[in-house]
Amino acid sequence: MRKTLLAEFTVRPGSEEHVAELVREYAARVREEPGNLAFEVYTKESSPRAYWIFEVYAHEAAFQTHLAAPYGPPFNAALQPLIEEKESVLTFLRPLGR
């Protein structure tokens, strides 16, 4: 079964360009992971400091591989002081049956 989630955070004023660059670099790496089906980064049109990242992995094992990637902790450490929340807020999603 696919693993799907939404990661949300709000960039602190003045950090917009730095965060955009960090996220672009991280997204490029995640998209190359085996089992990553989507890593789509959005900002809210009416509030561009609000980020929503839609992630889809082929299965739980692919998601666990993503979590174990060596570039994840440095990304999160660099991001944390630049966002308003303590960390990204994760919402795990489940498809509605047909």
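A residue is called buried here when its relative accessible area is under 20%, exposed when that area is over 50%, and partly exposed in between, as computed with a 1.4 Å probe on protein chains only. By this rule A68, which lies in helix α2, counts as exposed at 61% relative accessibility. The structure is a predicted model, in which local features need pLDDT of at least 70 and side-chain atom pairs count only at pLDDT 80 or more, while totals for chains, interfaces and linings use all residues. Residues are numbered from 1 along each chain as its sequence is written, and side-chain values use heavy atoms, with hydrogens and water left out. Helices (H or I, at least four residues) and strands (E, at least two) are DSSP runs numbered from the N terminus.

**The sheet**

- Four strands form an open sheet in the order β2-β3-β1-β4 with antiparallel pairing, where two strands are taken to pair if DSSP finds at least two bridges between them.
- The edge strands, each pairing on one side only, are β2 (36-44) and β4 (89-93), and the twist from one strand to the next averages 20°, with axes being lines fitted to C-alpha atoms (for helices over the stretch in contact) and angles running from 0 to 180 degrees between N-to-C directions.
- Strand β1 (residues 3-10) pairs with β4 in the antiparallel sense over five bridges, and within this pairing the bridge partner of E8 in β4 is V89.
- β1 also pairs with β3 in the antiparallel sense, here over eight bridges, and T10 stands opposite A50 in β3.
- As background to these pairings, strands of a sheet pair through backbone hydrogen bonds, either parallel or antiparallel.
- T4 has its place in strand β1 and counts as buried at 15% relative accessibility.
- Leaving aside neighbours within four places in sequence, T4 is in contact (heavy atoms within 4.5 Å) with F54, E55, V56, T91, F92 and L93.

**The nonpolar core**

- A nonpolar core is a set of buried Ala, Val, Leu, Ile, Met, Phe, Trp, Tyr and Cys residues joined through side-chain atoms within 4.5 Å; of the 23 residues in the largest such core, F9, V19, V23, F39, Y51 and Y57 touch the most other members.
- At least two residues of this core are supplied by each of β1, α1, β3, α2 (60-68) and α3, and the largest share, seven residues, comes from α1.
- Y51, when neighbours within four places in sequence are left aside, is in contact with a set of residues that includes A7, F9, V11, V19, A20, V23 and V41 as well as E8, E16, Y42 and T43.

**Helix α2 and residue H66**

- The buried residues in α2 are A62, F63 and H66; seen down the axis of α2, they fall within an arc of 100°, so they line one face of the helix, the arc being that of the directions from the helix axis to the C-beta atoms.
- Among the elements that cover the buried residues of α2 are β1, α1, β3 and β4.
- H66, placed in helix α2, counts as buried at 7% relative accessibility, and its side chain makes a polar contact with the side chain of Y57 at 3.3 Å.
- A polar contact here is a pair of N or O atoms within 3.5 Å, of which, within protein, one must be able to donate a hydrogen and the other to accept it, and residues adjacent in sequence count only if both atoms are side-chain atoms.
- Not counting residues up to four places away in sequence, H66 touches Y26, V30, E33, E55 and Y57.
- The C-alpha atoms of A68 and S46, which are 22 residues apart along the chain, are separated by 34 Å.

**Helix α3**

- In helix α3 (residues 72-79) the buried residues are G72, F75 and L79, and seen down the axis of α3 they fall within an arc of 65°, so they line one face of the helix.
- The cover over the buried residues of α3 includes β1 and α1, whereas P73 and A77 are exposed on the other side of α3.
- A77 has a relative accessible area of 54% and is exposed; the C-alpha atoms of A77 and L5, 72 residues apart along the chain, are separated by 20 Å.
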